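Hello,

Here is the structure I promised to pass on. Please have a look, then read my notes below it.

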Amino acid sequence: MLRYLPFLLVLAVWIYAFIDCLNTPEDEVKGLPKVVWIIIVLLFGEVLVGPVAWLAAGKVRRGPGAGPSRWTAPDDNPAFLASLGEGGQRDEAGLKGDEAGPKADEAVPKGDEAGPKADEAVPKGDEAVPKGDEAVLKEWEADLRRREEELKRRERGEE
């Protein structure tokens, strides 16, 4: 069994160097084109010249501190946490932009149907809800009801 160990080590280094050469982006290959390095690794793999040459001189190697940083969990990543704060501000700005007026495909209520103005608060329970928010919620509820009814019809086979 011990007599096969050198052969297995040579084979392992050969396979590792070949896969590493294939997976290396073209811009990180030094000296020769990537295709030439692949051929060198394959042709001179049995004597370890090709794989050792690739591992020593064929690829741009970076130290442990260089290159992309390690993956960080989202709750530990300050950039991610900052983007959440910005996203919340954008969502609020987008919601206020939606309250500015009806969309092109929406009908504009007239007369008594118009209800209170956008800046007026509509009392709801103990708190006051701005009219624009209430309208959005009612639209969502209506859409949800419509989708539920559609699913029930599909389940019954009424299409």
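Predicted model: local features only at pLDDT ≥ 70, side-chain atom pairs only at ≥ 80, totals over all residues.

Residues are numbered from 1 along each chain as its sequence is written, and side-chain values use heavy atoms, without hydrogens or water.

Start with the rings. Rings of Phe, Tyr and Trp (its six-membered ring) pair if their centres lie within 6.5 Å; planes under 30 degrees apart are stacked, over 60 edge-to-face, the rest tilted. The count is one aromatic pair. Trp37 and Trp54 form it, edge-to-face, at 5.6 Å centre to centre and 65° between the planes. The pair links distant parts of the chain, 17 residues apart: Trp37 is in helix H2 (residues 34-43) and Trp54 in helix H3 (residues 49-58). Helices are DSSP runs (H or I, at least four residues), numbered from the N terminus. Both Trp37 and Trp54 are buried. Buried means under 20% relative accessible area, exposed over 50%, partly exposed in between (1.4 Å probe, protein chains only).

Next, the loops. Thr24 lies between helix H1 (5-23) and H2. Thr24 is buried, at 1% relative accessible area. Beyond its neighbours within four places in sequence, Thr24 contacts Val29, Lys34, Trp54 and Lys59. Contact means heavy atoms within 4.5 Å.

Leu48 sits in the loop between H2 and H3. Its phi is positive, about 65°, although Leu48 is not a glycine. Leu48 is partly exposed, with a relative accessible area of 26%.

Best wishes

Notes
Helix = DSSP H or I, 4+ residues; strand = E, 2+ residues; numbered from the N terminus.
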